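Trainee: I have a structure to go through and would like to discuss it with you. Please put it up, and I shall begin with one residue.

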Amino acid sequence: MSAMPPKNRPVGVSRLETLLIDQSVKGRRAMRVPEAPVAQPIDRLIPAKFLRQRKPRLPEVTEFQVVRHFTRLSTLNYSIDANFYPLGSCTMKYNPKVNDAMANLPGFRQAHPLAPESTVQGLLEAMYNLEQWLVKMSGFAHFTLHPAAGAHGEFTGILVAQAYHRAKGRLNKTKVIVPDSAHGTNPASAALAHLTVVTVKSQANGHIDMADFRAKLDDDVALVMLTLPNTLGLFEEEIEAITRESHAKGALVYLDGANFNALAGLIRPGDLGFDICHINLHKTFSTPHGGGGPGAGPVGVTKELEPFLPVPRVVKDGDTYRVRDSKHHYPQSIGQLRSFFGNTGILIRAYTYMLSLGEDGVKEMSRRAIINANYVRVRLKDVFHAVSNEPCMHEAVFSGTPILEHGVKTLDLAKRLLDYGYYAPTIYFPLIVPEALMIEPTETETPETLEAFCATVEEIVREIKDNPAVVKEAPHTTPVRRLDEVKAAREPMLRWTTANEPAVYGGRSTERAARA
Amino acid sequence: MFQPNAPSDEKDLLKAIGVASFDELIRRLPARHVNPGLGLANEMPEVEITRYLSELAAKNAQPLSFLGAGAYDHFSPAAVGALALRGEFATAYTPYQPEASQGTLQVIFEFQSMVAEIFGMDIANASLYDGASALAEAALVAFRHTDRPVLLVPDALHPHYRRTLDTYFGSAADFKIVTVACPRGTIDAGDLAAKINANDGNVAGVVVQTPNFFGCLEDGAAIASAAHAAGALVIAVSNPLALGVVAPPGEWDADIAVGDGQPLGLPVSFGGPYVGLFACKKEFMRKMPGRICGQTVDVDGKTGYVLTLQAREQHIRREKANSNICTNQNLCATHFTIHTAMLGPEGLRELAELNLQLAHYAAEQLSKLPGCKLSFETPYFNEFVLEVPGDVDAVHKRLLDLGILAGLPLKTFYPKLDRHLLINVTERKTKADIDRLVSAVGSLK
């Protein structure tokens with residue numbers, strides 16, 4: 001019987017958690033559904049051919065089993081709340097609890113996206129104000145709050161640029177310039193819009209190779225996509241030359257705002273000549289990463305590009321807030337890229353964070369993010385190969401090549417950090433840095449945490465010299481050790497099945513997988 | 001106060017870095033643009049933020065609402081929010097380091113299993129942004145798999161889903177989206193056949209939403225057999241709650257099934273965040289967009305979970321990736337998973353049946369009123385279209401003045417349905433609530 005603990009796993013020792021389906025006992029219930037006050041036989045309301053034949057195989061458990069299962073699962077995770085995440089490019093700062101509380105106010109949670117404007121004025125006011133905060137921090141004229149994530153924002157921005165060029169009759173503009181150090185979403189988003197990706201080289205320090213840039217910037221370029229600071233954490237000195245020369249060729253310039261945490265309050269992208277920008281609210285504005293979403297990727301544009309922004313948008317009309325949700329008001333709009341307004345629950349969290357910071361707090365945020373990153377840069381510069389000796393912005397990138405001589409890779413070092421209770425840095429990105437280690441401490445970590453982390457890295461490097469095996473086989477203390485990713489891809493098991501069913505398309509219950 | 005702010009904190013760090021001031025760290029920034037005045041408000045203490053935002057939230061009226069139209073007001077047990085908002089789930093990163101992320105990964109594995117089971121499909125991914133963008137991703141799979149350019153889309157597809165398809169594919173001359181008429185609320189078989197013939201050999205996929213935007217159930221099997229005969233893929237769009245009682249896409253041979261998971265565990269929250277569900281037959285496994293979690297073993301032979309089949313994704317394949325999507329909606333998927341675990345197979349069926357019964361009671365009572373009638377005769381789930389006497393905007397407004405949000409006037413999206421309301425009833429409504437709606441509509445002269 002499935003409720004009994006599997007014999008091959010000692011109870012109380014394993015930190016792993018049995019799949020909920022394997023805890024299922026027929027007839028158990030976690031919640032009661034009320035009786036229908038007025039009921040007719042279902043087959044009188046719906047002809048049989050429309051009815052479900054086979055019940056879904058879902059767990060039959062008690063509420064307490066559900067609570068214990070998911071609580072135990074949660075304890076198998078590292079999280080910002082419990083662990084330092086030096087994860088470059090991801091801005092894993094503290095996520096204030098008040099953000100969640102505000103997003104869960106009943107008046108916000110229960111606001112329906114198609115409700116009449118008069119019934120959601122408070123919500124619309126918050127959204128309007130959020131847009132104004134983004135405008136003031138970025139120097140762009142308008143923002144759309146519609147995109148669900150950074151990559152969704154990129155696609156939005158690219159479509160806006162495409163629509164703009166079409167409106168101008170520039171049908172030749174079909175190329176997008178992307179540096180080789182860019183996030184993978186940049187070229188993927190451009191490809192989704194059927195544009196041709198032209199890769200521009202970076203120098204070893206991550207700055208754009210201007211000669212290559214100028215050679216590739218021709219009249220057919222619709223958009224130049226840049227990350228600032230670049231993905232090596234450095235501020236691109238030639239940025240104003242790049243925007244100026246792009247504009248001279250009739251190209252627009254897009255800022256991948258993934259690294260906005262370094263800029264907010266310090267410098268406005270709009271002032272540097274950028275035309276379009278997305279901002280990852282789940283990074284800079286502290287909405288929880290959630291183990292991989294949801295995020296939000298608002299897109300800012302210059303005044304000239306506003307007509308092309310997606311709908312719906314919130315506008316202020318005297319003292320009333322209105323939703324403009326059709327192309328009637330914005331005939332040149334690129335349209336909608338998802339259902340409804342946007343990831344409002346995330347937007348409210350970000351707005352709450354902005355209110356908490358205020359103008360001084362926003363400035364202090366980027367200042368401290370930069371100082372913390374430079375502390376790590378200087379502290380570890382003799383441990384690894386520094387990619388650049390210039391001060392960094394919000395993150396420090398190193399090359400782990402010095403440890404290779406001991407037969408240890410950056411990946412091994414990253415895994416060993418898990419044993420010491422730290423999440424791993426971003427590794428092997430950017431692609432142009434061999435054995436890359438990208439560390440972004442964020443502004444919310446204390447000097448004590450930064451120092452303890454750096455000291456741990458030093459300790460691991462000592463281990464690499466003295467006893468490389470312990471690092472190469474790391475981690476040792478996590479709920480599982482290194483996993484067989486080749487097996488996962490070659491013999492995909494993507495879902496559970498139940499005990500009396502052969503494993504067809506992958507997926508067997510935990511017990512049988514463990515015995516296999 | 002979110003960052004270390006003792007007087008020594010910054011001073012000591014600058015000293016350790018070896019600079020006299022912060023300005024030495026930012027010399028590469030163009031000085032004339034540095035440190036602009038932003039014109040932002042001053043910081044607010046938490047007590048003031050809470051007061052201010054609570055006041056804004058309270059400005060939103062909370063009428064007795066029968067508005068659904070793709071965002072449904074369901075009850076979620078307290079355990080769902082309490083568990084999903086645990087910091088260990090909420091503040092974890094994408095599980096790229098699986099050894100430190102087994103909790104998140106196992107939740108994804110259970111989520112994928114539940115989605116596949118509910119849709120009756122072989123496999124599912126770790127989720128996409130929402131139902132509409134999931135449909136766009138499914139269309140992309142169909143275009144690429146068949147190497148054909150035409151997508152047939154019913155007129156009764158949720159208009160926002162249609163708009164999303166138009167935006168994703170409208171700018172490229174390679175693709176064509178063709179509307180199939182739904183004059184009686186569901187796909188017209190004759191028009192479907194005509195559109196298939198008119199695009200002979202070019203139809204990549206046929207989209208079937210059931211229940212559709214009007215709440216009506218489609219005859220999925222008949223449509224699927226027509227589509228398959230033409231060599232097209234069948235893309236189903238379904239509300240997962242409805243599938244507690246309604247035949248799931250897997251029972252009528254759909255190739256890909258998508259939907260929005262919002263009805264199972266997520267608040268309407270002015271449109272998001274929701275969770276896009278994506279399930280398919282196993283033959284499309286390597287063409288699925290987005291993150292996928294798989295079961296494997298560690299070096300000691302212990303069962304564990306990893307993100308897998310990543311060779312499809314943008315961080316590996318860049319412009320050759322099968323989608324630009326990076327994230328999933330993991331915390332929303334976590335809500336969905338816990339909510340569905342609470343329901344179980346019987347709870348899902350009972351909840352679906354309760355919705356269906358309440359909606360049918362409301363429809364029957366409303367359609368007895370003089371001048372009111374149900375617009376379509378097809379079977380429906382928890383939403384239906386009601387034709388009302390007189391000017392629909394005036395009716396809607398007068399009911400709102402009585403504290404009742406009587407669904408959605410359809411003429412915004414369907415100009416010909418200019419006297420029609422789309423009305424949704426969920427388990428959050430009692431018989432008394434429905435009777436109040438009926439009596440209010442009846443009181444209008």
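Trainee: Which residues does Asn239(B) touch, not counting residues up to four places away in sequence?

Mentor: Asn239(B) touches Pro211(B), Gly259(B) and Pro263(B); two residues are in contact if their C-beta atoms, placed from the backbone, lie within 7 Å. Please keep in mind that this is a predicted model, in which local features need pLDDT of at least 70 and side-chain atom pairs count only at pLDDT 80 or more, while totals for chains, interfaces and linings use all residues. Residues are numbered from 1 along each chain as its sequence is written, and chains are lettered from A and ligands numbered from 1 in the order in which they are written.

Trainee: How far apart are the C-alpha atoms of Asn239(B) and Gly259(B)?

Mentor: They are separated by 5.8 Å, although the two residues are 20 residues apart along the chain.

Trainee: And where is Asn239(B) placed?

Mentor: Asn239(B) is in the loop between strand S6 (233-237) and S7 of chain B. Helices (H or I, at least four residues) and strands (E, at least two) are DSSP runs, numbered from the N terminus.

Trainee: Is Asn239(B) buried or exposed?

Mentor: Asn239(B) is buried, with 29 other C-beta atoms within 10 Å. A residue is buried if 20 or more other C-beta atoms lie within 10 Å of its own, exposed if 12 or fewer, and partly exposed in between, with C-beta atoms placed from the backbone.

Trainee: What about chain B as a whole: how many helices and strands does it have?

Mentor: Chain B has 13 helices and 15 strands. Of its 445 residues, 61% count as buried. Along the principal axes, the C-alpha atoms of chain B fill a box of roughly 80 × 55 × 50 Å.

Trainee: What is phi of Glu435(A)?

Mentor: Phi of Glu435(A) is near 50 degrees, a positive value in a residue other than glycine. Glu435(A) lies in the loop between S12 and S13 of chain A and is buried, with 20 other C-beta atoms within 10 Å. For Ser127(B), phi is near 105 degrees, again a positive value in a residue other than glycine.

Trainee: Let us turn to helices. Which residues of H13(A) are buried?

Mentor: Leu450(A), Phe453(A), Val457(A), Ile460(A), Val461(A) and Ile464(A) are the buried residues of H13(A).

Trainee: Why do they line one face of the helix?

Mentor: Seen down the axis of H13(A), the buried residues fall within an arc of 100 degrees, so they line one face; the arc is that of the directions from the helix axis to the C-beta atoms. An α-helix has 3.6 residues a turn, so residues three or four places apart point the same way.

Trainee: What do the buried residues of H13(A) pack against?

Mentor: They pack against H11, helix H12 (410-419) and helix H14 (468-472) of chain A. On the other side of H13(A), the exposed residues include Glu448(A), Ala455(A) and Glu459(A).

Trainee: Now the interface: how many residues does the contact take from chain A and from chain B?

Mentor: The contact takes 176 residues from chain A and 165 residues from chain B. H11(A) provides the largest share of the side of chain A that touches chain B, 20 residues.

Trainee: At roughly what angle do the axes of H11 of chain A and H1 of chain B cross?

Mentor: The axes of helix H11 (residues 344-379) of chain A and helix H1 (residues 7-17) of chain B cross at roughly 35 degrees and come within 9 Å. Axes are lines fitted to C-alpha atoms, for helices over the stretch in contact, and angles run from 0 to 180 degrees between N-to-C directions. On the side of H11(A), the contact is made by Ile371(A), Asn374(A), Tyr375(A) and Val378(A). On the side of H1(B), the contact is made by Glu10(B), Leu13(B), Leu14(B), Ala16(B) and Ile17(B).
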